[in-house]
Amino acid sequence: MAKRTIKDTDKSRNIQITVTGAMSLDTMETLLAEVGKELGLGLSHITTLSRKKYPNTRHWHFKKDPKAKGCLDVTYWPEGALFWITIRKYEPDWVHQSGQDMAALLEKRLAVA
């Protein structure tokens, strides 16, 4: 089976993080909350993506300040063994930097997990 990937669009860039899909949604959420806290980000919203295209996903929004513009989007799909951070091109600088920082921390944590 070919490795699945998430493609960039005209409006956003995606940073894909290597996973096996073996981690539960709740365990991934705990890890994300820890990494977010380290980066000074708070979870502002938890939802899912398209049930048809990505069944059983979990999708998180992180914010630096609840009232500030912008949010960092993170999605985990265990069944597809996909985990990615979406950075929309119009987002403020903090989102672009936080996305890079979060990806680096997650890669390190997941490599040891």
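**Salt bridges in a predicted model**

The count comes to five salt bridges, a salt bridge being a side-chain nitrogen of Lys or Arg within 4 Å of a carboxyl oxygen of Asp or Glu. This is a predicted model, in which local features need pLDDT of at least 70, side-chain atom pairs count only at pLDDT 80 or more, and totals for chains, interfaces and linings use all residues. Residues are numbered from 1 along each chain as its sequence is written, and side-chain values use heavy atoms, with hydrogens and water left out.

**Arg58 and its partners**

- Arg58 forms a salt bridge with Asp26 (2.9 Å, N to O).
- That pair links distant parts of the chain: Arg58 sits in strand E3 (residues 58-63) and Asp26 in helix H1 (residues 25-38), 32 residues apart. Helices (H or I, at least four residues) and strands (E, at least two) are DSSP runs, numbered from the N terminus.
- Arg58 also meets Glu29 in a salt bridge (3.0 Å, N to O).
- Glu29 lies in helix H1 and Arg58 in strand E3, so this pair ties together parts 29 residues apart in sequence.
- Arg58 is buried, with a relative accessible area of 18%. Buried means under 20% relative accessible area, exposed over 50%, partly exposed in between (1.4 Å probe, protein chains only).

**Asp73 and Arg88**

- The side chains of Asp73 and Arg88 form a salt bridge (2.3 Å, N to O).
- Asp73 belongs to strand E4 (residues 72-77) and Arg88 to strand E5 (residues 82-88), so the pair ties together parts 15 residues apart in sequence.
- Asp73 and Arg88 are both buried.

**Network**

- Salt bridges that share partners join Asp26, Glu29 and Arg58 into one network.
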